[in-house]
Amino acid sequence: MSSGKIVKVSGPLVVATGLREANMADVVRVGEQRLIGEILTMNGDSASIQVYEETSGLGPGAAVETTGAPLSVELGPGIIENIYDGIQRPLEVIMKKVQGNNLPRGVEVPALDREKKWDFTATAKKGDKVTGGDIIGTVQETSVVLHKIMIPPKMSGTIESIQSGSFTVLDTVAVLVDENGEKHNLTMMQKWPVRVGRPYKHKYPPRTPLLSGQRIVDAMFPVAKGGTAAIPGPFGSGKTVMQHQMAKWSDVDIVIYIGCGERGNEMTDVLREFPELVDPRTGESLMKRTVLIANTSDMPVAAREASIYTGITMAEYFRDMGYDVAVIADSTSRWAEALREMSGRLEEMPGEEGYPAYLSSRLAQFYERAGMVECLGSDAERRGSLTAIGAVSPPGGDLSEPVSQATMRIVKVFWALDASLAYRRHFPAINWLSSHSLYLDTLKPWYDEHLGKQFMVNRDKSMSILQEEASLNEIVQLVGKDSLSPGDQLTLETAKMLREDFLQQNGFMEVDWYSSYDRQDKMLAMILDYDKLCRAAIEKGAPVAELFEIPVRERIGRAKSVPDAEYPAAFAEMAREMAGQIEAIAAKGGAEA
């Protein structure tokens, strides 16, 4: 360890000399309060350090001590259900220690509880040859998550001894002898530097959709497991709520929610809501498979950048066990603002709108850590996925600003939120005309196999109806609805049903806040059948006004509130009634003609 002296303090940036022995990205302790910092640049024996805590009171001459290691996270049993800050300090433990709600400076608390004992069940045995990533035992961390204890990625050798029992994360559970005859004591805890992606054998193109229970996402703009998505939108359009929905209902094994620079009250909502919500797959509380990283807007700016990497490194660890993991980052714009502030203090040449020139590459480094991979280890069957979903908060909702543009170039799914939809109380307020998903082609085989080939045909037909509505609306504003042909009037009516009865979802209604694929498929088919039957009836001379007012129309509008146990029978009955009522009008129209 080497130590130096501070020569300059500029907000979260501290410059120190005498650190010739230190390395780039080393973690340092600054001043008497031992504030945590990280070396950003080195010049001779002078280092620029970004401090992850408030620096008021620091001055030239204060000591700086390097730890000789990069910023790393502790990985092991005890992560799930925990609430951490941006540099993996457990907030609840700190609150009990200091007996207050404010996070004091320089507090040192280990990320994983050193006292708690976990029941370790050995799955490997003495004499087994193992390599990095092999599972040697398991711990039932929560009722939902089986934590798999793995050999650290760069180790291999033969197990000399291993035992089941009750251990803390630092107790030796096995002894490994490597090729050189050296013995290594294996514990249940690993450390990993946050800025380095964890290794894997092979990355595959994503082929399975991530079911979110949100109809506009699953049916119109799906994201794949192992894919990347962004949710841009102006203030008040529902980005955070949309991300909460993705965190709550996505069919993944583990959720890592990063509140990066978000308002404190929004993190409080998450903390209050998640323990009470029941996971539709397990019947248990959602917190049993969730890790929260709370780095709110009033916490030091520099820690925002660390929080993103802390979250994705934890996610990679669970991915390596063979789990499907979702990382929800809210919001990457606040992280980009932190980059801009640090870049300004480092006096770097600014890029567009003052953001650093390396903004795009940093965003890409984050999103590129997502993917569907074959995990390290001897068993070839173990695959895990990491899906990254980031919110973007462009100032004034301007999607042409650098963070939105850089994100659009990197991610494959873009759910563009629209303030005008939000003001009309249409939620989720995703604009179907400006959003896109590049996974439709790769996911088509999955949809064809599990939902039938008609599902994708219906999806494409719905999108074309909604796009046609947008162009017809311009004519309607000029000459009125009645001047349109009966076919065009029907297009507007079907588009209205798609918007209000299918795409719009009620987050306060238990039956509608989560929608299964089968239910989505049947709802969409029913609306498009209405369109098809009405077109046939119009050709026979049926009056459009009567077709729009058939009694079953109101029931179709309320189809989303039919209880889960009853919807297959109820939808089939609606379809029969609809066909009968339209046929009666068509027959009458044909007779009059």
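These legends walk you through a few close-up views of a predicted model.

**View A. Helices α12 and α13 pack against each other.** Helix α12 covers residues 486-503 and helix α13 covers residues 517-539. Their axes lie 10 Å apart, at an angle of about 165°. Angles over 145 degrees count as roughly antiparallel, so α12 is roughly antiparallel to α13. The crossing of the two helices is right-handed. Look for Leu490, Met497 and Phe502 among the α12 residues in the contact, and for Met523, Ile527 and Tyr530 among those of α13. The contact residues divide into 11 nonpolar, 4 polar and 4 charged.

**View B. Trp415 sits in the largest nonpolar core.** This core has 84 residues, and Trp415, Tyr530 and Leu547 touch the most other members. Helix α13 gives the most to this core, with 10 residues. Leaving aside residues up to four places away in sequence, Trp415 touches several residues, including Phe221, Pro232, Met246 and Ile430. A second, separate core of 77 residues includes Val139, Ile159, Ala174 and Leu359.

**View C. Here are two cis peptide bonds.** Most peptide bonds are trans. Another joins Phe427 and Pro428, with omega about -10°, and Pro428 is found in the loop between α9 and β26.

**View D. Ala25 and Arg34 have positive phi values.** Ala25, in the loop between β2 and β3, has a phi of about 70°. Arg34, in the loop between β3 and β4, has a phi near 50°. Ala25 is partly exposed, with a relative accessible area of 22%, and Arg34 is partly exposed at 30%.

Technical notes. Residues numbered from 1 in each chain as written. Predicted model: local features only at pLDDT ≥ 70, side-chain atom pairs only at ≥ 80, totals over all residues. Heavy atoms only, no water. Axes fitted to C-alpha atoms, helices over the stretch in contact; angles between N-to-C directions. Helix = DSSP H or I, 4+ residues; strand = E, 2+ residues; numbered from the N terminus. Parallel < 35°, antiparallel > 145°, perpendicular 65-115°, else oblique. Left-handed = near helix turned anticlockwise from the far one by under 90°. Contact = heavy atoms within 4.5 Å. Nonpolar A, V, L, I, M, F, W, Y, C, P; charged D, E, K, R; others polar. Core = buried A, V, L, I, M, F, W, Y, C linked by side-chain atoms within 4.5 Å. Buried < 20%, exposed > 50% of the residue type's maximum accessible area, 1.4 Å probe, protein only.
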